[in-house]
Amino acid sequence: MMTRRLLQLLIGLAMYGLSLAMFIRAGLGLDPWDVFHQGLAVKTGLSIGTVVVIVSFLVLLLWIPLRQWPGVGTLCNAVLVGVFADVGLALIPEFSHLGGQIGMLAGAILLNGIASACYIGARLGPGARDGLMTGLARRTGWSVRVSRTGIEVVVLGAGWLLGGSVGIGTVLYALAIGPLVQLLLPRFTVPELKNPKLPVAAADPAVAAP
(Lines give C-alpha, C1' and ligand atoms only; values in the text may rest on other atoms or scores of the structure.)
Protein backbone atom coordinates (compact mmCIF):
# COMPACT_ATOMS: atom_id res chain seq x y z
CA MET A 1 0.00 0.00 0.00
CA MET A 2 2.80 2.44 0.79
CA THR A 3 4.28 1.91 -2.68
CA ARG A 4 0.93 2.72 -4.24
CA ARG A 5 0.47 5.77 -2.03
CA LEU A 6 3.89 7.18 -2.89
CA LEU A 7 3.44 6.51 -6.60
CA GLN A 8 -0.01 8.07 -6.57
CA LEU A 9 1.32 11.07 -4.67
CA LEU A 10 4.14 11.67 -7.16
CA ILE A 11 1.89 11.24 -10.19
CA GLY A 12 -0.69 13.56 -8.68
CA LEU A 13 1.86 16.29 -7.95
CA ALA A 14 3.34 16.00 -11.45
CA MET A 15 -0.12 16.37 -12.99
CA TYR A 16 -0.87 19.31 -10.70
CA GLY A 17 2.23 21.15 -11.88
CA LEU A 18 1.41 20.41 -15.52
CA SER A 19 -2.15 21.66 -15.00
CA LEU A 20 -0.72 24.96 -13.73
CA ALA A 21 1.31 25.27 -16.92
CA MET A 22 -1.84 24.55 -18.96
CA PHE A 23 -3.74 27.29 -17.13
CA ILE A 24 -0.97 29.76 -17.96
CA ARG A 25 -0.83 28.72 -21.62
CA ALA A 26 -4.63 29.01 -21.88
CA GLY A 27 -4.28 32.69 -20.95
CA LEU A 28 -7.82 32.97 -19.58
CA GLY A 29 -7.10 33.39 -15.87
CA LEU A 30 -5.60 31.35 -13.05
CA ASP A 31 -6.81 30.05 -9.71
CA PRO A 32 -6.32 32.50 -6.78
CA TRP A 33 -3.02 31.14 -5.46
CA ASP A 34 -1.52 30.96 -8.95
CA VAL A 35 -2.62 34.53 -9.70
CA PHE A 36 -0.46 35.41 -6.70
CA HIS A 37 2.40 33.19 -7.87
CA GLN A 38 2.29 34.66 -11.36
CA GLY A 39 2.20 38.20 -10.00
CA LEU A 40 5.30 37.54 -7.91
CA ALA A 41 7.01 35.97 -10.91
CA VAL A 42 6.24 39.08 -12.99
CA LYS A 43 7.70 41.37 -10.33
CA THR A 44 10.77 39.30 -9.44
CA GLY A 45 11.72 37.86 -12.83
CA LEU A 46 11.83 34.35 -11.36
CA SER A 47 10.13 31.43 -13.08
CA ILE A 48 6.66 30.70 -11.76
CA GLY A 49 7.81 27.24 -10.66
CA THR A 50 10.54 28.78 -8.54
CA VAL A 51 8.02 31.17 -7.01
CA VAL A 52 5.64 28.29 -6.22
CA VAL A 53 8.43 26.47 -4.35
CA ILE A 54 9.50 29.57 -2.40
CA VAL A 55 5.92 30.49 -1.43
CA SER A 56 5.25 26.88 -0.38
CA PHE A 57 8.06 26.95 2.16
CA LEU A 58 7.10 30.42 3.37
CA VAL A 59 3.54 29.20 3.93
CA LEU A 60 4.92 26.22 5.86
CA LEU A 61 6.48 28.70 8.29
CA LEU A 62 2.93 29.88 9.05
CA TRP A 63 2.13 26.32 10.15
CA ILE A 64 4.36 26.79 13.21
CA PRO A 65 2.00 29.04 15.23
CA LEU A 66 -0.93 26.92 14.00
CA ARG A 67 0.79 23.79 15.35
CA GLN A 68 0.43 21.98 12.05
CA TRP A 69 2.89 19.20 11.20
CA PRO A 70 3.89 18.40 7.61
CA GLY A 71 3.88 14.92 6.16
CA VAL A 72 6.06 13.51 3.43
CA GLY A 73 3.35 14.50 0.96
CA THR A 74 3.51 18.08 2.20
CA LEU A 75 7.23 18.35 1.52
CA CYS A 76 6.97 16.65 -1.86
CA ASN A 77 4.14 19.01 -2.76
CA ALA A 78 6.22 22.04 -1.79
CA VAL A 79 8.95 21.08 -4.26
CA LEU A 80 7.46 19.05 -7.10
CA VAL A 81 4.48 21.17 -8.16
CA GLY A 82 6.77 24.08 -8.99
CA VAL A 83 9.28 21.85 -10.76
CA PHE A 84 6.63 20.30 -13.00
CA ALA A 85 5.01 23.67 -13.65
CA ASP A 86 8.26 24.86 -15.20
CA VAL A 87 8.62 21.58 -17.12
CA GLY A 88 5.11 22.02 -18.48
CA LEU A 89 5.76 25.59 -19.55
CA ALA A 90 8.85 24.42 -21.43
CA LEU A 91 6.84 21.76 -23.29
CA ILE A 92 3.37 23.26 -23.84
CA PRO A 93 3.03 25.90 -26.58
CA GLU A 94 1.02 29.10 -26.29
CA PHE A 95 -2.33 29.35 -28.10
CA SER A 96 -3.24 32.45 -30.08
CA HIS A 97 -6.82 31.45 -30.98
CA LEU A 98 -9.78 31.27 -28.62
CA GLY A 99 -10.75 27.68 -29.46
CA GLY A 100 -7.35 26.38 -28.42
CA GLN A 101 -7.39 28.50 -25.28
CA ILE A 102 -10.80 27.19 -24.23
CA GLY A 103 -9.74 23.60 -24.86
CA MET A 104 -6.55 24.11 -22.86
CA LEU A 105 -8.51 25.69 -19.99
CA ALA A 106 -10.99 22.80 -19.88
CA GLY A 107 -8.15 20.29 -19.90
CA ALA A 108 -6.35 22.21 -17.16
CA ILE A 109 -9.40 22.18 -14.86
CA LEU A 110 -9.99 18.46 -15.45
CA LEU A 111 -6.33 17.54 -14.94
CA ASN A 112 -6.17 19.69 -11.81
CA GLY A 113 -9.19 17.88 -10.37
CA ILE A 114 -7.68 14.46 -11.07
CA ALA A 115 -4.33 15.59 -9.66
CA SER A 116 -5.93 16.94 -6.48
CA ALA A 117 -7.85 13.71 -5.92
CA CYS A 118 -4.65 11.71 -6.46
CA TYR A 119 -2.43 13.53 -4.00
CA ILE A 120 -5.15 14.02 -1.38
CA GLY A 121 -6.25 10.40 -1.74
CA ALA A 122 -2.69 9.19 -1.11
CA ARG A 123 -3.13 10.37 2.52
CA LEU A 124 0.50 11.42 2.98
CA GLY A 125 -0.05 14.98 4.18
CA PRO A 126 -1.80 18.09 2.83
CA GLY A 127 -0.20 20.70 0.65
CA ALA A 128 1.19 23.80 2.36
CA ARG A 129 -1.77 25.96 1.31
CA ASP A 130 -4.40 23.36 2.23
CA GLY A 131 -2.74 22.88 5.62
CA LEU A 132 -2.80 26.64 6.23
CA MET A 133 -6.53 26.64 5.54
CA THR A 134 -7.37 23.69 7.81
CA GLY A 135 -4.95 24.83 10.52
CA LEU A 136 -6.46 28.30 10.58
CA ALA A 137 -9.94 26.83 10.81
CA ARG A 138 -8.92 24.57 13.69
CA ARG A 139 -7.17 27.31 15.67
CA THR A 140 -9.76 30.05 15.15
CA GLY A 141 -12.97 28.04 15.17
CA TRP A 142 -13.89 29.38 11.73
CA SER A 143 -15.35 26.98 9.20
CA VAL A 144 -13.02 25.59 6.54
CA ARG A 145 -15.08 27.40 3.91
CA VAL A 146 -14.64 30.77 5.64
CA SER A 147 -10.92 30.15 6.15
CA ARG A 148 -10.39 29.14 2.55
CA THR A 149 -12.45 32.02 1.17
CA GLY A 150 -10.63 34.57 3.32
CA ILE A 151 -7.18 33.31 2.35
CA GLU A 152 -8.01 33.09 -1.35
CA VAL A 153 -9.57 36.56 -1.48
CA VAL A 154 -6.37 37.98 0.03
CA VAL A 155 -3.97 36.15 -2.31
CA LEU A 156 -6.19 36.81 -5.35
CA GLY A 157 -6.26 40.54 -4.62
CA ALA A 158 -2.54 40.68 -3.97
CA GLY A 159 -1.79 38.67 -7.10
CA TRP A 160 -3.99 40.88 -9.26
CA LEU A 161 -2.26 44.01 -7.93
CA LEU A 162 1.10 42.40 -8.74
CA GLY A 163 0.05 41.69 -12.33
CA GLY A 164 -1.27 38.14 -12.13
CA SER A 165 -3.86 36.93 -14.65
CA VAL A 166 -7.50 37.06 -13.52
CA GLY A 167 -10.22 36.06 -15.96
CA ILE A 168 -13.00 33.65 -16.83
CA GLY A 169 -10.68 30.77 -16.00
CA THR A 170 -10.48 32.03 -12.41
CA VAL A 171 -14.27 31.92 -12.10
CA LEU A 172 -14.66 28.53 -13.82
CA TYR A 173 -11.97 27.00 -11.62
CA ALA A 174 -13.68 28.28 -8.47
CA LEU A 175 -17.02 26.82 -9.57
CA ALA A 176 -15.76 23.48 -10.92
CA ILE A 177 -12.89 22.30 -8.75
CA GLY A 178 -14.86 21.52 -5.58
CA PRO A 179 -17.51 19.31 -7.24
CA LEU A 180 -14.88 17.70 -9.46
CA VAL A 181 -12.61 16.70 -6.57
CA GLN A 182 -15.60 15.51 -4.55
CA LEU A 183 -16.61 13.27 -7.45
CA LEU A 184 -13.13 11.86 -8.05
CA LEU A 185 -11.75 11.58 -4.51
CA PRO A 186 -13.54 8.31 -3.58
CA ARG A 187 -11.99 6.69 -6.66
CA PHE A 188 -8.46 7.67 -5.67
CA THR A 189 -8.50 7.46 -1.87
CA VAL A 190 -6.22 4.63 -0.73
CA PRO A 191 -8.08 2.62 1.92
CA GLU A 192 -6.55 2.03 5.32
CA LEU A 193 -5.53 -1.57 5.98
CA LYS A 194 -6.34 -3.19 9.29
CA ASN A 195 -3.81 -5.56 10.81
CA PRO A 196 -5.09 -9.06 9.93
CA LYS A 197 -3.16 -10.59 12.84
CA LEU A 198 -5.17 -8.69 15.44
CA PRO A 199 -8.38 -10.11 16.87
CA VAL A 200 -11.51 -8.44 15.56
CA ALA A 201 -12.15 -6.67 18.86
CA ALA A 202 -8.60 -5.28 18.95
CA ALA A 203 -8.60 -4.25 15.29
CA ASP A 204 -11.93 -2.42 15.53
CA PRO A 205 -12.36 -0.20 18.61
CA ALA A 206 -16.07 0.02 17.87
CA VAL A 207 -16.43 -3.74 18.30
CA ALA A 208 -14.46 -3.68 21.53
CA ALA A 209 -16.56 -0.91 23.04
CA PRO A 210 -19.22 -2.09 25.52
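Student: Which residues form a nonpolar patch on the surface?
Tutor: This is a predicted model. In it, F57, L75, V79, V83, V87 and L91 make up a nonpolar surface patch. Together they have about 510 Å² of accessible area.

Student: Which helix gives the largest share of that patch?
Tutor: Helix 4, residues 72-91, with five residues.

Student: And L91, buried or exposed?
Tutor: L91 lies in helix 4. It counts as exposed because its relative accessibility is 67%, and the cut-off for exposed is over 50%.

Student: Now the inside. How many residues are in the largest nonpolar core?
Tutor: There are 50. F23, W33, V59 and L132 have the most contacts inside it.

Student: Which elements give two or more residues to it?
Tutor: Helix 1 (2-26), helix 2 (32-44), helix 3 (48-66), helix 4, helix 5 (98-121), helix 6 (128-140), helix 7 (144-162) and helix 8 (168-188). Helix 1 gives the most, 10 residues.

Student: What is F23 in contact with, leaving aside neighbours within four places in sequence?
Tutor: L28, G29, L30, L105, A108, I109, N112 and Y173.

Student: Switching to helix 6. Which of its residues are buried?
Tutor: A128, R129, G131, L132, M133, G135 and A137. Their cover includes helix 2, helix 3, helix 4 and helix 7.

Student: What comes just after helix 6?
Tutor: G141, with a positive phi of about 85°.

Key. Residues are numbered from 1 along each chain as its sequence is written. This is a predicted model: local features need pLDDT of at least 70, side-chain atom pairs count only at pLDDT 80 or more; totals for chains, interfaces and linings use all residues. Side-chain values use heavy atoms; hydrogens and water are left out. Patches are made of residues with over 30% relative accessible area and no salt bridge: like charges are joined within 9 Å, nonpolar side chains (Val, Leu, Ile, Met, Phe, Trp, Tyr) within 5 Å. Accessible areas come from the Shrake-Rupley method with a 1.4 Å probe; for residues, only the protein chains shown count as cover. A salt bridge is a side-chain nitrogen of Lys or Arg within 4 Å of a carboxyl oxygen of Asp or Glu. Helices (H or I, at least four residues) and strands (E, at least two) are DSSP runs, numbered from the N terminus. Buried means under 20% relative accessible area, exposed over 50%, partly exposed in between (1.4 Å probe, protein chains only). A nonpolar core is a set of buried Ala, Val, Leu, Ile, Met, Phe, Trp, Tyr and Cys residues joined through side-chain atoms within 4.5 Å. Contact means heavy atoms within 4.5 Å.
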